Each structure stands twice: as C-alpha cells, then as structure tokens.
Amino acid sequence: MLERYDPRNWPISYEGLLHTGIVLTAAVVLALVLHYLVFAALRRFTKTSDSQIDDVIVERVRKPLRWAIIGFAISIAAENDHLVGDGWDVFSSFLTPFVLGWVAYSLVKGFAAGYSRQVELTGDEVATRSLRTRISILSRTATFAIVIITISLVMLSIPGVAKVGTTLLASAGLAALAIGAAAQPALKSLISGLQMALTQPLRIGDLVKVEGQAGRVEEIRMSFVTVRTWDERVLVVPTSVFLENAFENWSRVSEKLTGPVMLHLDPATKVEPIREEFERFVKAHPLWDGRNVALLMTEAYPESIELRLSMSAETIGDLFNLRCATREHMVEWLRENQPGALIRHRLEVEAANQRVMGG
C-alpha cells in the first residue's frame, strides 16, 4: 500500500530532478542579476534628473518587478524543461495576474507619491492643494479598479469559480440585476469621488464649515471626507454631503480672509473714538495684512447698538488670532475709557440687604 510513496517508484528520475533544480536555480539567479543591473542603471539615470517623480516610481516598482522578472525567467525555463513546465502551468494562471496587478498598483502609487512631492516644490499653496486633491482621488480610483480587476482575473483562473461565472452569465438578466444592485453603493462612491476630483468643491488642506463644524480637510476618499477640527477631533463626513448640500469653504481661492469682531454697546456710546482706537490697534498689529479694516454700526436697538469691527489677515489662523487680540484689547479699552458703553444687566442687592439688616 505504501509502495507508491517510495521515491524509487516515482516516474521521475533523480537526474531529472537535479536537472530541474539546476534550471530553476539558473533562471532565478539570472533574473536577479538582470533585475539588479536594470535598476542600477535606472537609479543612475534618476539621479541626473531634476524631477522627483522618477525617483519615487523606480523605488516603488523595484520589488514587484523583481518578482515579475523571476516569473518571466521561469516561463522561459519551462519551455526547456517539461517538469518545470508542468508545475509552472498550474501556478502561472494564478501568479501572473497577481504580479501584473502588483506592478500596476505600485506604478500608480509611485506616480501619485512622486507627483505629490513634485508639486510641493512649486511654492503655490492653493495650486498644491488642488493638485494633491486630484492626485489623491484619481490614484485611489485607479488602485480600486486595479484591485478589482486583479481579483477577478485570479478568481476566474479557478476552474470552479469560472464554471459558476459561466452559469451566471447564462442568466444575463438576473445576473445584471443582482450585480447592479450589489455594486450600486460602490459605483455611487466611485462616481462621487471622480466628481470631487474634477469639480473640486473642496481640496485637501481647505478650511471648511460643514454641518455647523469647522476644520481642515485631511483626507478625501471616494466614500467619505475627514475633517479635523481645532480641538483635534476628526469628523468623518460622507462625500455625498459635500456634493448634495451647501457648505462653507473658507480657503477656496486663497488663505486671505476678512473676519469680524462684534461689539454690543449702550446706545449712548461715542462711536468715533472707538473707531479711531480700533484702526490704530489693528494697523499696528503684525498679523494685519494691510487690506481691510473698518468699523460700522450694523444695528441699533432701543437698549443697545451693534458695532462690526472687520479686519483682514494673510491666513485664516492669523485672522483668528488677530480677532481674538482685537476683541480683548477693545473690551479693555472700553472698560478704561468708556465704561458707560458696556451694557450691564447685573442685579445688585448688597445695599438692599444692608437696609433690611439695619432696619
């Protein structure tokens, strides 16, 4: 019963196994040598180039191309050795689409990373955010397609799966309906991501206000966008929210912005001295960019007036700090120079308590 497991009874001779081992070893060694020489030449070429893209691409595809060259060498060896050919025919149908998909995936990721590094050297912050957004979304879309196609090719290489696929294709109407229903969320996310990349209502790094929360866009994916708020919370917002609902983008064109400080004062307040002090303080402040500074009375009520103190700065962060400094300074100045302008709604009962206790 155990005779078939005895190597002496196998139809393969030791000489044949030795020949197969030598052929495989020689093919792998030659592939590695070829891979080393090719990438040594590529590295030397990329060092002479001013672009950052080729350096990143070469580094990203180095490992998958090593396995691709090894597979190609084994395929050549399989033509000259029937034992290698018999084994390689079984594995090549699975390994070939996987390796090719890995090469394509690394190529897309390398191009995206290299191009992102290249655009960061331009110095134009708005253009950099725009290009980074397009690169991020399009690279994810391409890698998603590559992964789906690679998995499909590998699965179709399995005889059982291929038979199931053939059976399903026989019922074309039912299969199309089932696939369409199952793929609807993925297709919607894919289309939303492409629409986000082409129209760019927001970009990576933009300061946005969505659903009452303000923060910086950190990541844009096909199905969601992450926004980090000032207190380091991360909002995960579906992409459809930005495409179907209104939101505020405070840095759509540039980081330059004008912001207000609102003061509610007594109607008897003298406005002109406040305007002079406000303009003096803002114009002397290092965060002011020299564009806008104005004080307007925007509302007048029976018990109060509303003053809008507007100012501008180079960046949104500078504007926030300038507004805080202006608010603090003006309240302190009013407390010292026009205390009657500050509205008081406090109930003072100390004198009344003394009268009651004295009586």
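A search of the whole structure, a predicted model, finds 6 salt bridges. The exercises take three of these pairs and then turn to one strand and its partners.

## Exercise 1

Task: Describe the salt bridge between R228 and E218 and locate both residues.

Solution: 
- Step 1. Take the contact. The closest N and O atoms of R228 and E218 are 2.5 Å apart.
- Step 2. Place the residues. R228 lies in strand β3 (residues 224-229), and E218 belongs to strand β2 (residues 213-220). They are 10 residues apart, and the pair links distant parts of the chain.

## Exercise 2

Solution: 

## Exercise 3

Task: Is D289 buried or exposed? Classify its salt-bridge partner R291 as well.

Solution: 
- Step 1. R291 and D289 form a salt bridge, with the closest N and O atoms 2.6 Å apart.
- Step 2. The cut-off for buried is under 20%. D289 has 18% relative accessibility, so it counts as buried.
- Step 3. R291 has a relative accessible area of 37% and is partly exposed.

As background, side chains of opposite charge can pair when their charged atoms come close.

## Exercise 4

Task: Which strands pair with β8, in what sense, and over how many bridges?

Solution: 
- Step 1. Start with strand β6 (residues 257-265). β6 and β8 pair in the antiparallel sense over 9 bridges. Within this pairing, G259 stands opposite M311 in β8.
- Step 2. Move to strand β7 (residues 288-300). β7 and β8 run antiparallel, joined by 8 bridges. Here M297 has L307 in β8 as its bridge partner.
- Step 3. 4 residues lie between β7 and β8, and the two strands form a hairpin.

## Exercise 5

Task: Why is strand β8 (residues 305-313) described as largely enclosed?

Solution: 
- Step 1. Count the buried residues of β8: 8 of the 9.
- Step 2. Conclude. With 8 of its 9 residues buried, β8 is therefore largely enclosed by the rest of the structure.

Technical notes:
Residues numbered from 1 in each chain as written. Predicted model: local features only at pLDDT ≥ 70, side-chain atom pairs only at ≥ 80, totals over all residues. Heavy atoms only, no water. Buried < 20%, exposed > 50% of the residue type's maximum accessible area, 1.4 Å probe, protein only. Pairing = 2+ DSSP bridges. Salt bridge = Lys/Arg side-chain N within 4 Å of Asp/Glu carboxyl O.
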